Amino acid sequence: MSEGLTVSAGTKEERYQELMPQLEAVVSSETDVIANMANMASMLHETFGFWWTGFYRVVDGMLVLGPFQGPLACTRIRKGKGVCGTAWAQGETVVVPDVEQFPGHIACSSESRSEIVVPVFKDSVVVAVLDIDSRELSTFDEIDKKHLEKAVALLSF
Ligand code: SME
């Protein structure tokens, strides 16, 4: 990856199609999961120009901030709280078209308008979540869900 990330302009689906092999190449060449989360956050953030892109890890029964790109964020989230804690508790991806309509949304940034949170599993247990925030409403859909779930499955916890 010395030449860096190369994803051309195109539809969202096309950009994910170009990005995924690059993510696989980067993650498969490194065994450290923190390093891989860091590069995955960067590559997603750079490709799509999200507002905030990063991971929270389950540490001692709480979500604790991990590698991310974007502004300062809340460091700890309890199970069932906010979008992140809900995705963790439910073990399912949560897509939020309008954060103001999500009861209990945790506003780390007042700029955030829509959000997707994707759980990361090890042996069927949630060990982390990928959280992405957008400054526009309704940024995330089934296309993001499909590709982001595949992306986080590349991580070996
Ligand atoms: N909005 C999230 C909190 C994390 S920040 O967006 C980075 C939530 O409601 O869980």
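Predicted model: local features only at pLDDT ≥ 70, side-chain atom pairs only at ≥ 80, totals over all residues.
Residues are numbered from 1 along each chain as its sequence is written. Local features need pLDDT of at least 70 and side-chain atom pairs count only at pLDDT 80 or more, while totals for chains, interfaces and linings use all residues; side-chain values use heavy atoms, without hydrogens and water.

**Nonpolar cores**

A nonpolar core is a set of buried Ala, Val, Leu, Ile, Met, Phe, Trp, Tyr and Cys residues joined through side-chain atoms within 4.5 Å, where buried means under 20% relative accessible area (1.4 Å probe, protein chains only). The largest such core has 27 residues, and Met 40, Leu 44, Phe 55, Leu 130, Ile 132, Leu 148 and Leu 155 have the most contacts inside it. Two or more residues each come from α1 (12-28), α2 (33-48), β5, β6 and α4 (142-152); α2 gives the most, with seven residues. Helices (H or I, at least four residues) and strands (E, at least two) are DSSP runs, numbered from the N terminus.

Leaving aside neighbours within four places in sequence, Ile 132 is in contact (heavy atoms within 4.5 Å) with residues including Leu 44, Phe 50, Trp 52, Phe 140 and Leu 148. A second, separate core of 16 residues includes Tyr 56, Val 83, Ala 87 and Trp 88.

Neither residue below is a glycine. Exposed means over 50% relative accessible area.
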